[in-house]
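Hello! Here is the structure I promised to hand over to you. Please open it first, and then read my notes on what I found.

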Amino acid sequence: MSAPLLEVEGLVKQFADRGILRRGGPPVRAVDGVSLTIAPGETLALVGESGSGKTTVGRTILRLEQPTAGRVRFEGIDLGTLAPRELRAVRRRMQIVFQDPFASLNPRRTVGAAIAEGLEIHDVVPGAAIPERVAALLGEVGLDPSAAGRYPHQFSGGQRQRIGIARALAVEPKFIVCDEPVSALDVSVQAQVLNLLMDLRDQRGLAYLFIAHDLAVVRQVAHRVAVMYLGTIVETGPARDVIATPRHPYTQALVSAVPNPDPARQRNRIVLAGEPPSPTVPPPGCPFASRCFHPARDERCIAERPALRPVGRHDVACHHAESDQ
Amino acid sequence: MTPLLEIDQLSISFPHRDGPTALAVDGVSLTISPGELVALVGESGCGKSHTGLAMLRLLPAAAELGENSVIRFDGTDLARLSDAEVRRYRGARIAMVFQDPMASLNPVMRVGDQISEAIRAHAAVTSAVARARAVELLAEVGLADPRSAVDAWPHQLSGGMRQRVMLAIALAAEPDLLVADEPTTALDVTVQAQILELIDALRQRRRMAVLLITHDLGVVAGRADRVMVMYAGRIVESATTAELFAAPRHPYTRGLFASIPRLDADGSRLVPITGTVPPPDRWPSGCRFHPRCPLAESRCGTEAPGLVATPTGHAAACWITAGSGS
């Protein structure tokens, strides 16, 4: 595999736990030491449930949030060492597509203006060529060029997501964080947008960090997957492999919980007890220990945090990943 | 078996002062037997939630029930009852849980008090008895520590726990029918699995019928006895879960299956349904799916097909795939 486009090392992001009634408590450890790499043209899916820290990883990589610790290298450049001006130049090559395309579009600006904005800021094409480029981008995401003169509310959810994608593409990025890009869409429209994202990836050689909670969607689009739980990666490897033979008990539960639209092939469901621990006071041992059903679970799981280590073709953070269940 | 609920020709419209009346639900008929789990599946705007709300007569004030609509529950047509009479059924014999439990729970009232309130609305018991019953209900819906949960405020609970509390409130009067409208859509997958297991366990233990309203065919598989698929205000297909999943007959249902990413897929490209779901004031003539249908012929654009059933009761409304009889 070629040199990584993106290298994330030991990423930590803590948020101050400040409310009206509490002050100065311990910080929330949203991301607690995440390392990952993405090669050019590769899609890495970051999977986890709400509160697992997956969205914060994406936002911190793009420097929409300042990391508390850790390093993010993009095309070999450490983003933490860049002055704001230099960072802006790098940002042109790193874009984001959000879950809710409507919330990320200004309702009072035409679609054409929203797409042209990035072209103007980054001087991608001469001013006179902008309308033509906007029309080409709209065509590329499957919309009619006449969409440029209309407003976001005149479009359906799927069309708005296409607009969000066109806007991200405008500045010719190499890397896009796709943050739950199809979660808000109707099933019949979801597939259209997934196919579009995959076509664009292949045509333009884009790399994606694809943040999702739906493993079936991940199976469809991702080359590799990293499963997050309570701010850490508990398992990572080739997407098909991890989903077919998950080694971490949490991944196993996650895979078994995915609704399968085939009554004849209902997997044995693992129904997890309880809820994840608070990210304010993460347990010293394995973050999943309190809900773990692994028969070999022992004192060590409570006391000592397991590191990600190679087990077969994946990396797994479980003291008992080798033992049969 | 005599059905517990029999809906016949349910139509719900939203009259506009100027412009055409939007028909959100158009001639929906369905039955549910005691203890049965029936799923109503469709995408946003198809009318599935309005169908559910109509059973409890909880439609928004602007909605009008069609003249011929019948909502017969245990022999009584709820569509003909006064608001006061409906209250003997709503909450008591038919209960409902919604997608967002936080929007349904009172944020300034302790969980136990909200359950007690539901109990005492339908039974003359003392507050001490109601509270003890609330603890029992919280235990039944699987809250780990019901004695302390009874004093909790809604904001102290996670999404999954709140949905369990909503179920406890719904169960308070021992309903015969639970209408669950996207009960797990806002929840994480592992929590979703917990809540679906719980709903299934409750219906078996209590022999309670469930109408599960969902957009997710995966949620339906392996749980529902029967499935009805709605599109643009009409039921387009209806069958036992096994038959529907083995051999879907309506092109819309087939399209849904082809567009769902699956864990066991071979990685081939998804086949989406083209276009988008039209809004109720712009529903197409004839078969409402025809502009998006790969099989559509000229007749589909002008004449609406009725549901045609096979001998096993697998019904579909399609001129092409379900024959032309009526």
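**What I found**

Chain B has a mean pLDDT of 91, and 98% of its residues reach 70 or more; pLDDT is the predictor's confidence in each residue, from 0 to 100. Where pLDDT is low, the predicted coordinates should not be read in detail. The model scores ipTM 0.79 and pTM 0.87.

Residues are numbered from 1 along each chain as its sequence is written, and chains are lettered from A and ligands numbered from 1 in the order in which they are written.

**The two chains**

Chain A comes to 10 helices and 12 strands, and chain B comes to 11 helices and 13 strands. Helices (H or I, at least four residues) and strands (E, at least two) are DSSP runs, numbered from the N terminus.

For the 326 residues of chain B, the globule rule gives a radius of gyration of 20 Å; chain B has 21 Å, close to that value, so it is as compact as a globular protein of that length. The radius is taken over C-alpha atoms, and the rule is 2.2 Å times the number of residues to the power 0.38. The C-alpha trace of chain B spans about 65 × 50 × 40 Å along its principal axes. For chain A, with 325 residues, a compact globule would have a radius near 20 Å, and the 21 Å of chain A agrees. Along the principal axes, the C-alpha atoms of chain A fill a box of roughly 70 × 50 × 45 Å.

**Sheets**

Strands of a sheet pair through backbone hydrogen bonds, either parallel or antiparallel. Here, two strands count as paired if DSSP finds at least two bridges between them.

In chain A, look for an open sheet of 4 strands in the order S2-S1-S4-S5, with antiparallel pairing. Strands S2 (28–38) and S5 (77–78) of chain A stand at the edges with a single partner strand each, so one side of each has no neighbour in the sheet. Inside this sheet, S1 (residues 6–15) and S4 (residues 69–74) of chain A are joined by 5 bridges in the antiparallel sense, and A:Glu9 stands opposite A:Arg71 in S4(A).

Another strand of chain A to find is S7 (residues 175–179): 5 of its 5 residues are buried, so S7(A) is largely enclosed by the rest of the structure. A:Phe175, A:Val177 and A:Asp179 cover one side of S7(A), with A:Ile176 and A:Cys178 on the other. S7(A) pairs in the parallel sense with S6 (residues 94–97) of chain A over 4 bridges, and with S8 (residues 207–212) of chain A over 5 bridges, also parallel. The chain passes from S7(A) through H6(A) to S8(A) in a right-handed β-α-β crossover; right-handed means that, with the strands pointing away from the viewer, the path from the first strand over the helix to the second runs clockwise.

Chain B has an open sheet of 8 strands with mixed pairing, in the order S7-S8-S9-S3-S10-S11-S13-S12. At its edges stand S7 (94–97) and S12 (308–309) of chain B, each with a single partner strand, so one side of each is left without a neighbour in the sheet. S10 (residues 226–231) and S11 (residues 234–240) of chain B run antiparallel and are joined by 6 bridges; the bridge partner of B:Tyr231 in S11(B) is B:Arg234.

B:Ile199 is in helix H8 (residues 189–206) of chain B. Is B:Ile199 buried or exposed? B:Ile199 is buried, with 24 other C-beta atoms within 10 Å. Leaving out residues up to four places away in sequence, B:Ile199 touches B:Ala180, B:Pro183 and B:Val210; two residues are in contact if their C-beta atoms, placed from the backbone, lie within 7 Å.

**Where the chains meet**

The contact takes 37 residues from chain A and 38 residues from chain B. On the side of chain A, H6(A) gives the largest share, 8 residues.

Happy exploring!

How values were computed
This is a predicted model: local features need pLDDT of at least 70, side-chain atom pairs count only at pLDDT 80 or more; totals for chains, interfaces and linings use all residues. A residue is buried if 20 or more other C-beta atoms lie within 10 Å of its own, exposed if 12 or fewer, and partly exposed in between; C-beta atoms are placed from the backbone.
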